[in-house]
Amino acid sequence: MCYDLIAKQNRKEEKQMSLTNSILSLFEMTDPNITVTGVTKKRCPNGQRIHVVHANLSYQLVKCPHCGHKSLIKNGTHVSHLRLGTLSGGRYEMQLRRQRYQCQHCLKTCGAKTNLVRRNETFTHNVKHQVIVLARDMLTSKEIAKICGISPSSVQRILNANIHLAYRVKQLPPNLCFDEFRSCNHLMSFNCCDAVSHRRIVTLEDRLRKDIIDYFEARYSVQERAKVQTITIDMNAEYASFIHRLFPNAVTIIDRFHIIQLAGRALDNVRTRIIRTFQDKHSRIYRILKSQWRLFHLAEEKINDTKLIYLRGINEYMTQQNAIDLALDEFPEFKTVYQTYQGILTAIHQKNATGFKNLITNYQVAGNQMDVTISTFVKNGSAVLNSCRYPYSNGPIEGLNRKIKVLKRSCFGFRNIHNFFIRISLIHE
């Protein structure tokens, strides 16, 4: 009979240990001093269902943490309510009974400690980790709060407490990209990244020259800034005015996309001006210029001059080259602008800096928008030609800005720019 009672007690303890291990492993708890006693359910006044895990925390404490004497006795328990991560929706809590001790020498009390939470906090590390992971997926604070069973303000407090904006990167990379994006309250913010590794370097609240200069001069020495070799920018003249001051040995590069975009806009400006002069809106040339505008932006090597295709808008079968020639032969001015655009496109694609320089040097003024474009290229001559000499572009930082725009759209905008920058740092990690 005695052996049966011992065996029964052992089976009960093994069952209890198995229950404890299963529940603790579900919530990724590694504290060996916690013993689960059961799981119950209850409902909040708002109707939300809560799963409550009942557990005890106890271990043998030898010395008093206050005076160091070995005179501790057990002195009841203290119940703590901890918030756990969610498993299948709903809210999970742990009602943890912590063992209390009293020192007979100094009469002070102390309690058992656990690594599940920080002192005087109720959110476990599991909840905080879950919030950060969901924030990286560009979910709104309300959606994260609903999934984790906490409030939206608690979500933001967890992010603010655990995510810190870096003061500076350890070392400036030799190749940088500058750009801006629209952040909060109609502000344009500055963004900088590594042109090779695509790593974000810094995001500033505005793009003002004074703030950008103050940031780099306050955080990086002249020797560190002198190691920067190239800076890739768009057509923003404000950046070009202080780059040499901050980075004395850096070469400025105008992004190739913006060069082609500026030339393409000049081409479209002349084309639309010609379209407005037409009286017959059903003429063949009008429909070519109106509906097949994309053909004029194609590079010459990509234009089909052998295969007949059906061109919508014109409603005829012809080659792409034939449609282009019909419009160019009708308007010599447009043909000159088109040839200039193709020369710029070819020089950029072939990385031919000499050909590009000859084109903008020998350009003849024609009294249209292309004159303004060429004068802009001449004004930024070295930076424009560097786009053909170096392999770097603003593609990496445009990709980062795209992520920021998706975050802003998915979260329906941000009112607090500090909270916005914390979310930006999460998606760029």
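Here is a short chat about reading a predicted model of one protein chain.

Colleague: What should I know before I start?

Modeller: This is a predicted model, where local features need pLDDT of at least 70, side-chain atom pairs count only at pLDDT 80 or more, and totals for chains, interfaces and linings use all residues. Residues are numbered from 1 along each chain as its sequence is written, and side-chain values use heavy atoms, with hydrogens and water left out.

Colleague: How many helices and strands does the protein chain have?

Modeller: Helices (H or I, at least four residues) and strands (E, at least two) are DSSP runs, numbered from the N terminus. Here you get 17 helices and 12 strands.

Colleague: What does the radius of gyration say about the protein chain?

Modeller: That radius is taken over C-alpha atoms, and the globule rule is 2.2 Å times the number of residues to the power 0.38. For 429 residues a compact globule would come out near 22 Å, but this chain has 34 Å. Its C-alpha atoms fill a box of roughly 110 × 55 × 40 Å along the principal axes.

Colleague: Is phenylalanine 257 buried or exposed?

Modeller: Buried means under 20% relative accessible area, exposed over 50%, and partly exposed in between (1.4 Å probe, protein chains only). Phenylalanine 257 counts as exposed because its relative accessibility is 52%. Across the chain, 44% of the 429 residues count as buried.

Colleague: Where does phenylalanine 257 sit?

Modeller: Look in helix H9, residues 256–275. The C-alpha atoms of phenylalanine 257 and asparagine 394 are separated by 8.2 Å, though the two residues are 137 apart along the chain.
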